[in-house]
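Student: I have a new model open and would like to learn how to read it. Could you walk me through a few features?

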Amino acid sequence: KLQLELPPGLPRGQSNAHVPEELMMRVGIPHRSGKLAFHAFDKGYPVMVSANAFWDSKRHCFMRPAASDLEECDTALDSAGFSAMWLWKKRGVQRGIAGIYPWTYAEYLDFATSFGASWYAQPDLCCEPEIAEDRDAVDYRIRATATLLEGCLQVLYHWHNLLARDRDCPASVIARLLPPPVPVLQGWSVGDFLHSLELLNAVWSRWTPWLAPPRLIGIGSVCRRNLHDPEHGLFAVLEALDGRLPPGTRAHLFGVKGAALSRVQDIPWVASADSMAYDFGARVDARSAGVRNSIERRRQAMSRWMDAAALRTTRTTGLAMPLS
């Protein structure tokens, strides 16, 4: 493998995320501001928000509110891959990335790097069965996710070079202005995720020494997943990945089920997870009770869910428990 020769002035060994020591549970916020965001801020909850919440489909641009409580939270940014796939399946080819996303690489990266998040995820293509109907679709999306990672890194590298030409912009400033994304593993079966990891490593290693090994990677297509199936259950996937990530790399689980947390919390290389299950539960409960799903009900549901998650994610032994 040929090592990338960096032009003068470019940063080296960039980290892609701030990773907590203990397992962090992020609460999903469906809006770019408002009372749910304030409640998360008031409670001190770490947050996950989708890029889709900030996209103005009429103006074809990202719109940020003048002020949002999310800016005061420990916030991570999801690329909205599931929403983009639904839009593509419903309306056909879109104007942006891969003809699937409504925004381009440049639009997304400009927004994501200026948002002030602890980290942001690369654009990826999800593989849940209801949206990836057959084997060919899953295989394509695994390969395409790696290609989208390469596309992001090429754009960022070009922008770094442009900034490096200005001698008044040191490498440390460039690294802070334009950090690399969190790459994402995609697939449905155990073998899919191993293949996705192989492709991710191949893409990321091409950019050494400009990039350090990723401190964090995402594991996608988790939220609608059975926990115990031997071929595509969450625990089978995690067991297959155990010991295979780059040294020092940890993982984020997108949309993990609350029932998995008591077991996930004993896996030291899982750094964080997120969920919006509280909001879905509040909607179902309100419908069953025949009442309006008010903001107050949703706030209470958020607190109950995060309190329960906190109990499940308290590491009591400090030791890694085997998955099998």
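Tutor: Let's look at cysteines, a cavity and one serine in turn. Keep in mind that this is a predicted model.

Student: How many disulfides does the structure hold?

Tutor: We look for pairs of cysteine sulfur atoms within 2.5 Å. Here there are zero disulfides. Take Cys-126: its nearest cysteine sulfur belongs to Cys-127 and is 6.8 Å away.

Student: Is Cys-126 buried or exposed?

Tutor: Buried means a relative accessible area under 20%. Cys-126 has 5%, so it counts as buried. Cys-169 is buried too, at 12% relative accessibility.

Student: Now the cavity. How many cavities of 30 Å³ or more does a search of the whole structure find?

Tutor: The search finds one. The volume of the largest cavity is about 30 Å³. Two elements each give two or more residues to its lining, α4 (135–164) and α6.

Student: Which element gives the largest share of that lining?

Tutor: That is α4, with four residues. Among the lining residues are Gln-122, Thr-145, Leu-149 and Ser-196. Sorted by class, the lining has five nonpolar residues, three polar ones and no charged ones.

Student: Where does Ser-196 lie?

Tutor: Ser-196 sits in helix α6, which covers residues 190–205. With a relative accessible area of 4%, Ser-196 is buried.

Student: And which residues does Ser-196 touch, leaving out those up to four places away in sequence?

Tutor: Ser-196 touches Ile-142, Val-184, Leu-185 and Gln-186. Ile-142 and Val-184 also line the largest cavity, along with Ser-196 itself.

Technical notes
Residues numbered from 1 in each chain as written. Predicted model: local features only at pLDDT ≥ 70, side-chain atom pairs only at ≥ 80, totals over all residues. Heavy atoms only, no water. Buried < 20%, exposed > 50% of the residue type's maximum accessible area, 1.4 Å probe, protein only. Contact = heavy atoms within 4.5 Å. 1 Å grid on protein atoms, 1.4 Å probe; cavity = no way out; pocket = protein on both sides within 12 Å on 5 of 7 lines; lining within 4 Å. Points joined across faces, edges and corners; volume = space filled by probe spheres on them. Nonpolar A, V, L, I, M, F, W, Y, C, P; charged D, E, K, R; others polar.
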